[in-house]
Amino acid sequence: MKNKFVKLLSLPYVFWSIGFIIIPLLMVFYYGLTDKSGRLTLSNVLNIALPVHFKSLIIALLLSFVSTVICLLLSYPLAMILANVKSKSKGLMILIFVLPMWMNFLLRTLAWQTLLENEGVINTVLQFLHLPVLKIINTPYAIIFGMIYNFLPFMVLPIYNVLCKIDNNLLNAARDLGANEIQTFFKVTLPLSVPGIISGITMVFVPALTTFVISDLLGGSKILLIGNVIEQEFTLNSNWHLGSGLSIVLMIFIIISMITTAIFDKDGEGSAL
Amino acid sequence: MKKLFLFGLLATLCMVPMFGCSNAYENGKVYVYNWGEYIDPEVIESFEKEYKIKVVYDEYETNEVMYPKVAAGAVNYDVVCPSDYMIKKMIDNDMLAELDWNNIPNAKNIGQQYFDTSKEFDAENKYSVPYCWGTVGILYNKTMVDEPITKWEQLWDPKYKNQILMQNSVRDAFMVALKLNGYSMNTTNLDELQIAKNSLLEQKPLVQAYVVDQVRDKMIGNEAAIGVIYSGEAIYTQRENSNLVYVIPEEGTNVWIDSWVVLKNAQNKENAEKFINYMCEPEIALKNFDFITYSTPNDAARALIEDEDIRNSEIAFPDLTQYNNLETYIYLGEDGDELYNSLWKEVKSE
């Protein structure tokens, strides 16, 4: 009886995953592996080797790699600080980091466009203070900046989560046994936080790799990422077959990073947001 | 089971508006798909009130974005406002419905010359009613350039590095490069297109950004010195920033018409024609002109413009007979489209 009820409760999720995950995925594979006349072909997928597409894939991999590394370097100390704060303001501090995520991602990126422009808010202030102006809008640096800004919380929260769960007795034991702060960090804290780091990396790297909005808005459409190429195949060139074929290639990279996560984060600790 | 679920969901969604406002819009709906910021919102409201027809209004940024959405039929739009070459493409693909001119008596307000020009893409004037027209030209900030800009060639001048805004739409970008090299903007000759592509590649390091609607705001905000822009934006931008000057380049440029069309699979054809007819009323066309500042082909509306400077403005209503190298875009066929798109992708990805 209870079993039946539980099954009934899961029905919406079954519909959800069939309608919004499985069917779209099947459609991507259908379009990706056929040509306009409906014949089976691998040419859409192999088209990734064309210089136009390959270059955009390499740039996307490069930019998302750089932003993931910077995100990690910024997030780890931050997560440690957050995890060690004992006062009542802890909740507030976390809220401050999560708050921007409640605003629409597009709006925030659009706002950065206005802020970073040559005659934008930031440069006006810098000019007023007689400081050198920032010339990063419409360059790859602006894209990296946008990626870091947008995806930083996705790195902070999983690391914060695992750090909170580390038993203080372990740290005390390490100190009792003569380890200094640095040794404790490298021998105890860091290894224990690997699941959080890995899931943080996936949660930053995957959306950064596939983004097309950030490069459009902050890169002035001068830099094509693989996400832009796919978007344009669907919207401008109405070539769904090529767009899907390239998406399949992109999926391979996503699956690789998901498998890495699964290997390192067996208990799903880091992903508990 | 799944179908049933979806049906239930749809039924619920349909009930909401039925309960809400079944009295206010007794004459049904009309689905309109138009360019971004291409109508005075008050006009939609007054149409809804007058005809008791609910207007469901969506916007697009380029013809190329609009076409696949309409072709896929995801939303059953009734009225769309594509440009010349796109109308031809839609006619060729049997997507448009013939208009019943008896239902659009206000079409008489549209100048005959615009219907004549329309024949280039709508041979018998069966499908389209001109809504706006204009040219593509250069908008520049006279305080930021050394000499007046008069030619496309100056968009390749290295001293304006990072001061140039190009159009991020394939036909407009290639039009500039083709005209620069003295070719037709409708060429499908591979050699000519390769030369144009190389020109665009050569220009790319000088370009600040490839944008569509944002040219306007960036030029007003002194963000760039030179921008490729539609003539309709010129009056508005000059109103906001008096340093801006619009020119039709010497090498020639594109002259375009955006026209209302009704889709073949329109569910509300009668309402669609009512909507188009309403848009052709002189007072309404004038209201739209004041708001969007794109040249109106509606002669009756133009006569109503109070400001003489604007009524006789060279920008809004240029005398096209004094230019001999203006062209309209022609639909290039699927192969032509593909060729342009792939070359454009090469430019963008470099």
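At 31% relative accessibility, A:Lys55 counts as partly exposed, and in this predicted model its side chain meets that of B:Glu350 in a salt bridge of 3.8 Å, N to O. That pair crosses between chains, running from B:Glu350 in the segment after α14 (333-349) of chain B to A:Lys55 in helix α3 (residues 51-84) of chain A.

**Between chain A and chain B**

- The interface brings 27 residues of chain B into contact with 27 residues of chain A, and the area buried between the two chains is about 2,300 Å², of which carbon and sulfur atoms give 52%.
- Four salt bridges are counted between chain B and chain A, while a search of the whole structure finds 24 salt bridges over all chains.
- B:Glu350, the partner of A:Lys55, has a relative accessible area of 56% and is therefore classed as exposed, the cut-off for that class being over 50%.
- A salt bridge also joins B:Lys345 to A:Glu233, with the closest N and O atoms 2.4 Å apart; this pair likewise crosses between chains, from helix α14 of chain B to helix α12 (residues 226-235) of chain A.
- Both B:Lys345 and A:Glu233 are buried, whereas A:Lys55 is partly exposed and B:Glu350 is exposed.

**Charged side chains within chain B**

- B:Lys287 and B:Glu42 meet through their side chains in a salt bridge of 2.5 Å, N to O, and this pair links distant parts of the chain, since B:Lys287 belongs to helix α11 (residues 282-292) and B:Glu42 to helix α2 (residues 41-51), 245 residues apart.
- Both partners are partly exposed, B:Lys287 with a relative accessible area of 31% and B:Glu42 with 46%.
- B:Glu37, B:Arg216, B:Asp217 and B:Glu233 are joined into one network by salt bridges that share partners.
- Charged side chains also lie over aromatic rings: the charged end of B:Arg171 sits over the ring of B:Tyr340, 5.4 Å from its centre, and B:Arg302 lies over the face of B:Phe317, at 4.1 Å from the ring centre.

**Strand β4 of chain B**

- In strand β4 (residues 128-141) of chain B, 14 of the 14 residues are buried, so the strand is largely enclosed by the rest of the structure.
- This strand pairs in the antiparallel sense with strand β9 (residues 255-262) of chain B over seven bridges, and B:Thr135 stands opposite B:Val255 in β9(B).
- Five bridges join β4(B) to strand β7 (residues 226-230), again running antiparallel, with B:Val228 in β7(B) as the bridge partner of B:Ile138.
- Strand β8 (residues 244-247) of chain B is joined to β4(B) by four bridges, also antiparallel, and here B:Leu139 has B:Tyr246 as its bridge partner.

**Aromatic rings**

- Over all chains, a search of the whole structure finds 30 aromatic pairs, among them A:Tyr30 and A:Tyr31, which are edge-to-face with 5.4 Å centre to centre and 70° between the planes.
- A:Tyr30 is partly exposed at a relative accessible area of 47%, and A:Tyr31, at 23%, is also counted as partly exposed.
- B:Tyr114 and B:Trp133 form a tilted pair, 5.4 Å centre to centre and with 45° between the planes; because B:Tyr114 lies in helix α5 (residues 112-118) and B:Trp133 in strand β4, the pair ties together parts that are 19 residues apart in sequence.
- Both of these residues count as buried, B:Tyr114 at 8% relative accessibility and B:Trp133 at 3%.

Conventions
Residues are numbered from 1 along each chain as its sequence is written. Chains are lettered from A and ligands numbered from 1 in the order in which they are written. This is a predicted model: local features need pLDDT of at least 70, side-chain atom pairs count only at pLDDT 80 or more; totals for chains, interfaces and linings use all residues. Side-chain values use heavy atoms; hydrogens and water are left out. Rings of Phe, Tyr and Trp (its six-membered ring) pair if their centres lie within 6.5 Å; planes under 30 degrees apart count as stacked, over 60 as edge-to-face and the rest as tilted. Buried means under 20% relative accessible area, exposed over 50%, partly exposed in between (1.4 Å probe, protein chains only). Helices (H or I, at least four residues) and strands (E, at least two) are DSSP runs, numbered from the N terminus. A charge sits over a ring if NZ of Lys or CZ of Arg is within 6 Å of the ring centre and within 35 degrees of the ring normal. Two strands pair if DSSP finds at least two bridges between them. Contact means heavy atoms within 4.5 Å. Buried area is the accessible area (1.4 Å probe) that two parts lose on being put together, summed over both.
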